[in-house]
Amino acid sequence: MIDVLSGGRLEVGLGRHGDRAAHDLIDGVLNDYDHPVARADLTPATAAFTPGVETAKVTEWPRPAQPRVPLWVAATSDGSLAAAARRGWGVFTGLNITPAAGGMAPTSIGKMLPRLHRYLEIGRENGHDLTMANITASCFTVIAETDRKAAGIVREGFVRHIEASAAHLSRVAGAAPGESSLEALADREETGLRAVLEAPAEAYLENPFALVGSVETVRDKLTALRAAGLSRFMLFRGGVGTAHELAWESATAMAEDVAPGLFAATKRPLRLAG
């Protein structure tokens, strides 16, 4: 219905993270997708809440406007990238911003490109015409007057987010019921929180998928990502735990100071979402 109302512009994104129950549920959906789907059961049946009325399982109407609604999945591991490639799905990848996984996981464009090229190869081996346009770079975005100020905003936002979500993170880490003290949780090595709490602000400038810094720094990072063949970007404006006003300042700087220069420098369209 949404695809019809939007004129065939619907795209669906899937991700698996958080509580174990949700993770298992999405895993089950993805695994079922790999198996042949049974034909609709059109055998008449009687519903308990409508006695005397025969019903049947039928396909919903209207049908989508697109022959196939594009599906996108968040994929950071090689296994997730391969699973998406086999199905012909697009991927969101690049920056790991999960505080429970140690904050911004270190990586480089040089390390990431071979993995993305392998994703394209697996897709083609399975009959899907995948290109770099099927890859969206997930970019944490904070723009300020200086690199140091932007990095400080990110670090403060991460710490604030961890403090606010300590109870949820403790469940994810398998802590005992009621064990949600931030310090107690940080002492559990498997959470990775200690590294986040103690990381210097400058650490948030190093990841190429972290568009953190001054206008010039962020423009240079985007230019490097585009030179690597990426053309789609999902921008997490402001970031986890960052005040709305600061997030809006970053969005404004991206629209007014960063993007126009990139548009002028290339004929290829720059696709931004966030």
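In this predicted model, the buried residues of helix 9 are Val 215, Thr 217, Val 218, Lys 221, Leu 222, Leu 225 and Arg 226. Helix 9 itself covers residues 215-227, 13 residues in total, and spans 18 Å between its first and last C-alpha, close to the 18 Å expected at 1.5 Å a residue.

Helix 3 is mostly covered, with seven of its ten residues buried. These are Ser 80, Leu 81, Ala 82, Ala 83, Ala 84, Ala 85 and Arg 87.

Strand 4 (residues 71-74) runs parallel to strand 5 (residues 90-94), and three bridges join the two. Within this pairing, Val 73 stands opposite Val 91 of strand 5. Strand 4 is likewise joined by three bridges to strand 1 (residues 12-14), again in parallel. There, Val 73 of strand 4 is the bridge partner of Leu 14.

Turning to helix 5 (residues 147-164), Gly 157 is found within this helix. Gly 157 counts as buried because its relative accessibility is 0%, below the 20% cut-off. Gly 157 and Ala 243 lie 86 residues apart in sequence, while their C-alpha atoms are 7.9 Å apart in space.

Note on methods:
Residues numbered from 1 in each chain as written. Predicted model: local features only at pLDDT ≥ 70, side-chain atom pairs only at ≥ 80, totals over all residues. Heavy atoms only, no water. Helix = DSSP H or I, 4+ residues; strand = E, 2+ residues; numbered from the N terminus. Expected span 1.5 Å × (residues − 1). Buried < 20%, exposed > 50% of the residue type's maximum accessible area, 1.4 Å probe, protein only. Pairing = 2+ DSSP bridges.
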